[in-house]
Amino acid sequence: METPNKTKKITTTALLAALALIFSYIEVLIPFAPAIPGIKLGIANLAVIVVLYLLGAGYALLVNIIRIFIGGLLFSGLFGTFYSLAGALLSMLIMILLKKTCIFSVTGVSMAGGVAHNLGQLFAAAFLVSNIKVFVYFPVLIISGVISGAVIGILAYLVLKKLPIDFR
Amino acid sequence: MFKKADIILAATLIAAGLAISYIFSFGQSAGNTLEISCDGEIFGSYSLEKDREITINCGEHINKVIINKGTVSMSFSDCPGQDCIQQEAISHTGETIVCLPNRILLEISGNTRQYDTIAR
């Protein structure tokens, strides 16, 4: 079985990056518990995780960076970009590390990624307002990170299972 | 789709979350002072006992805060996201409302103050 050639990898990455952008846009449209700052459904992570398991860490990081910067230009502005970047970088780090250990399934990696994403955003928020008290929201964000991460993880697992064999 | 390790991870994270929120709850009580910071520096302290509207000029941005019946909420902001407007009213010590783009933090504290307003 041939490994996918470079063109295929690049086009797949581009496709999933575009998908991640659309997911980000949908998230902006759905108001989800605005009472708690930073709480998000994290649907865009679905695209990132699928790329992570399909093409590896490098391409997954690429998808994340593309969707954050273009998303920043389109929707969230400079602060949104900084905020998302902090969350995504920590989330990527944790997910890549956990995936390497091969102890966890996609779902577990996604859960940890969700929590790490929220934690990264909290750090960014604490930095921006120079106050550590924002961490009061951490417990809620852990739990929402676990739940949304689990849901996205299950979806990612189903997607990966259905993809044609010649991708792996 | 689930491995045993995932379940242990989820349980650990949730337990940690619950433990942290339990620890935090010891500091919670109905507060009586609102502290507003702009860019990390204190803008002013206000007693919660008096209903009022406060206009904050922080850098080039404008935000307005309403103190009503002992709760605080952001009534106006010129930020693009408007997350701060949508956050629920706060009233307990330690609770915060944040406007990240405008670098504004509203925080409830429980210090008893003799003065009605302190502007620095």
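User: How many disulfides does the structure hold over all chains?

Analyst: One. A disulfide here is a pair of cysteine sulfur atoms within 2.5 Å. This is a predicted model, where local features need pLDDT of at least 70, side-chain atom pairs count only at pLDDT 80 or more, and totals for chains, interfaces and linings use all residues. Residues are numbered from 1 along each chain as its sequence is written, chains are lettered from A in the order written, and side-chain values use heavy atoms, without hydrogens or water.

User: Which cysteines form the disulfide?

Analyst: B:Cys38 and B:Cys58, with sulfur atoms 1.9 Å apart. The link is right-handed, at 80° about the S-S bond. B:Cys38 lies in strand 1 of chain B and B:Cys58 in strand 3, so the pair ties together parts 20 residues apart in sequence. Strands are DSSP runs (E, at least two residues), numbered from the N terminus.

User: Is B:Cys58 buried or exposed?

Analyst: Buried, with a relative accessible area of 4%. Buried means under 20%, exposed over 50%, partly exposed in between (1.4 Å probe, protein chains only). B:Cys79 is also buried, at 6%. B:Cys79 is in no disulfide; the nearest cysteine sulfur, that of B:Cys99, is 3.7 Å away.

User: Switching to the interface. How many residues does the contact take from each chain?

Analyst: It takes 28 from chain B and 31 from chain A. Contact means heavy atoms within 4.5 Å.

Definitions and conventions:
Helices (H or I, at least four residues) and strands (E, at least two) are DSSP runs, numbered from the N terminus.
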